[in-house]
Amino acid sequence: MAITIQPVSPAVGAEVAGVDLARPVGDNEFGVVREALLAHGAVFLRSQVLNPQDLIDFGRRFGPLNVHPMMRPLDGYPAVLEIVKNPEDRNNFGGSWHTDLSYLERPALASLLYAKEIPPVGGDTLFANMYLAYEALSDGLRRVLDGLRAVHNTRMIYTPDAQAGGGIIGDAASMQRSRPDDAHEEAIHPVVRTHPETGRKALYVNCNFTVRFEDMTEAESAPLLRFLFAHLERPEFTCRFRWSEGAVALWDNRCTQHYALNDYHGHRRVMQRVSVEGDRPV
Ligand code: SIN
């Protein structure tokens, strides 16, 4: 079957049809998906029928997989994170703009998310293009940001308080942490990173995990970080993916951010995710 690629928005995201991830994906097919990912930042493949091992096998084509450092994996599959929101839950996982695992020395290169069960409407995922966010800034601010590094950690998100009230790691009954409450991760990365494959510069701060600029206090960093967090979600940098059962989203964490909408209370949504280990941002 011929592979087709249809952009979802000018900024980010493309639907790719004609690839069955449950079969061994040939090198040519894989090359097309990989090129589409580099060109569009996120690709969406519908009507897949996958078990966790299929997801792992396809993810491994991009590199070794992360074991999520903070959340309990799917039983029997350490590399698979099951993202669950039950009808009685109020919180969801990933419900604010972020890039995956930016608090690690080697944050995720890509993530692959498979829709097992979705609500009748709602639960869409938004994506934003961080090349465009960077390029839309003034020359002066770009020069300032080019010289800065920032501290990313898990302290705002992976806390019992965050999970209990309005947090974004899901309700504790549905999504369990794998480590004690006081376990945390932290890393320092450039505020603007150069994508190792495209050579383009992308803004690399996110409101989940970036807490301050290096050698500055949180209070000193807050005004500029607040500006950047508001800037990077401008609608013209984004797309919105409406899930269907069996759809897969594959996104490049080096140049995009994403946001899982929490607008489907009373319904169940179950997704399975693998993340591919990346390199140290430069
Ligand atoms: C995530 O942040 O990985 C979750 C995205 C989603 O559930 O749509």
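A: Let's begin with how much of a residue can be reached from outside: "buried" stands for a relative accessible area under 20%, "exposed" for over 50%, and "partly exposed" for what lies in between, using a 1.4 Å probe and protein chains only. The model is predicted, so local features need pLDDT of at least 70 and side-chain atom pairs count only at pLDDT 80 or more, while totals for chains, interfaces and linings use all residues. Residues are numbered from 1 along each chain as its sequence is written, and side-chain values use heavy atoms, with hydrogens and water left out.

Now the rings. Rings of Phe, Tyr and Trp (its six-membered ring) pair if their centres lie within 6.5 Å; planes under 30 degrees apart are called stacked, over 60 edge-to-face, and the rest tilted. The whole structure holds 11 aromatic pairs. One of them is F30 with F58, an edge-to-face pair with 5.9 Å from centre to centre and 75 degrees between the planes. This pair links distant parts of the chain, since F30 is in helix α1 (residues 27-40) and F58 is in helix α2 (residues 52-60), 28 residues apart. Both F30 and F58 are buried.

Y103 and F209 are also edge-to-face, because their ring centres are 4.8 Å apart and their planes stand at 75 degrees. Here too distant parts of the chain are linked: Y103 is in the loop between β4 (81-85) and β5 (108-117), F209 is in the loop between β10 and β11, and 106 residues separate them. Y103 has 1% relative accessibility, so Y103 counts as buried, and F209 is buried at 3%. Elsewhere, ring pairs join F44, F127, F241, W243 and W251 into a cluster.

Next come the charges. A salt bridge needs a side-chain nitrogen of Lys or Arg within 4 Å of a carboxyl oxygen of Asp or Glu, and the whole structure has 19 of them. In one, the closest N and O atoms of R106 and E277 are 3.5 Å apart. R106 is in the loop between β4 and β5 and E277 is in strand β15 (residues 269-277), so this pair ties together parts that are 171 residues apart in sequence. R106 is partly exposed at 40% relative accessibility, and E277 is partly exposed at 28%.

E117 and R268 meet in another salt bridge, 3.2 Å from N to O. That pair bridges 151 residues, with E117 in strand β5 and R268 in the loop between β14 and β15. E117 is partly exposed at 32% relative accessibility, as is R268 at 33%.

D139 and R142 form a salt bridge too, at 2.7 Å between the closest N and O atoms. They are three residues apart in helix α4, so about one helical turn separates them.

R142 also lies over the face of Y134, 5.7 Å from the ring centre. A charge sits over a ring if NZ of Lys or CZ of Arg is within 6 Å of the ring centre and within 35 degrees of the ring normal. The charged end of R193 is placed over the ring of Y204, 4.8 Å from its centre. Finally, R34, E197, D252 and R254 are linked in a network of salt bridges.

Definitions and conventions
Helices (H or I, at least four residues) and strands (E, at least two) are DSSP runs, numbered from the N terminus.
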